[in-house]
Amino acid sequence: MTDLRMQIKEKIDEQWEEQLEFLQMIGRFKSTLGNEGALQNYLADYFQNEMQLSTEKIIPDIKEMSKHQGFSPVEWGYEGRPVVVGTWSSAGKKKGKSLILQSHVDVVPEGPHEDWRYDPWGATIDGNRMYGRGIQDMKSGMAAMVFAVRALQSLGIRPQADVYLESVLEEEITGNGALATLLAGYKADGALIPEPLGQQALIGQVGVIWMRVRVKGAAAHVERASAAVSAIEKAYVLIQAIQEYRTYTNERPKHSYFKDHPHPLNVNVGKIYGGDWASSVAADCTFEVRVGLYPGEDPQAIKDEVSQWLVDAAAKDEWLKEEPPEITYYGFHADGVALEKDLDVFKTLGKVHKQVTGEEMQFSATTATTDVRFYSVYDDIPATCYGADGGNMHGPNEWVDLPSVKRVTETYANFILDWCQAEKI
Ligand SMILES: [Zn+2]
């Protein structure tokens, strides 16, 4: 290990307590959908004042975004919910390659508290783990990229190409936060996203669409139920059709990156609401579905296919053929991603991963989506995800492995050193 790399390792050790406090601080913000503003303002302030980055807050513009291929439709606005970009500018003329480091602050809902061993918003440390909603996915990544830069800054190291620290929102539902940064003009020679994939580099991911299906019934009191039609029971007919679609779509030929996965395209009914009284026949029932698709498939074509599947199922039902379901779309309209292994980002990442861990870097394809598509599919920026290890992502008792967060921090600092030709000034 060179002297400089040793100094970086020691600096990250020295700042580790502070990094843990930072991760706990951001972990305690309840930054679920619509509630990211407070944390974004905290981070903008942190980038500007603790890190002396020139910092911009961007309010995503729906009108402008909606013209873009990567836009996902929303039913809400972005007022008070900025995307934040801090620029660490190069010392003098550009020599190295510029770099985007991007994390999302939004987290999925924490679910029933009784299922949690620790307060989901407590950021509790127990041994080598920290527990909490979003701690792994992906506030651990935000802490790693911030403290990678801080370690370099503390050593008087400057990059010779710009480094952008981006804190985005809606990675878990649209990706529109990442889209807003591209539309605001933030581009670079490479991008890394510290999604917590167990220190493996992301090579591919599925695409995702969301759909909403509303079913109407003929309401009446249960006493006259023979004349009534329950929207809940009719919704169940269509949910069964969705289950059949799940089998169908996973029996199609698999994309090569997912050939070893038994069930790569998750089709999930994740939300249902309907009815208003136990003694009344439900007049209305709505359910929401997430559908996966392979890289190279058009999200719109998959939307059309699933819609048609439900229309066909409805045609076979006495009630539903007269009262067809109302199908709408919001949230993910996301293409899949298949990256080439010979990208420069993989070469540099593989090298520094080996320096830090002593092992060859592994690749993984995920059956979820990430923001990486904005750089590699909707733009021409070589990008991947690489982040910490942990467990129970999106479930109760989500946790991150803290030693892996430290290793990722060191890997990112060394990546900046190589990629941006950072040096002591
Ligand atoms: Zn994530």
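Biologist: Are His104 and Glu195 buried or exposed?

Modeller: His104 and Glu195 are both buried, where buried means under 20% relative accessible area, exposed over 50% and partly exposed in between, with a 1.4 Å probe and protein chains only. Do keep in mind that this is a predicted model, with local features needing pLDDT of at least 70, side-chain atom pairs counting only at pLDDT 80 or more, and totals for chains, interfaces and linings using all residues. Residues are numbered from 1 along each chain as its sequence is written, and side-chain values use heavy atoms, leaving out hydrogens and water.

Biologist: What makes Glu297 count as buried?

Modeller: Glu297 has 17% relative accessibility, so it counts as buried.

Biologist: Which atoms coordinate the zinc ion?

Modeller: The zinc ion is coordinated by His104 (NE2), Asp137 (OD), Glu195 (OE) and Glu195 (OE), at 1.8 to 2.6 Å. Donors are N, O and S atoms within 2.8 Å of the metal (3.2 Å for Na, K and Ca), and with water not among the atoms, sites may look incomplete.

Biologist: Why is the site of the zinc ion called irregular?

Modeller: Its 4 donor atoms give angles of 53 to 147°. Four donors count as tetrahedral if all angles lie between 85 and 135 degrees; four count as square planar and six as octahedral if opposite donors are over 155 degrees apart and all others between 65 and 115; anything else is irregular. The zinc site therefore ends up as irregular.

Biologist: How do you know that Glu297 and Arg252 make a polar contact?

Modeller: Their side chains are joined at 2.6 Å, and a polar contact is a pair of N or O atoms within 3.5 Å; within protein, one must be able to donate a hydrogen and the other to accept it, and residues adjacent in sequence count only if both atoms are side-chain atoms.
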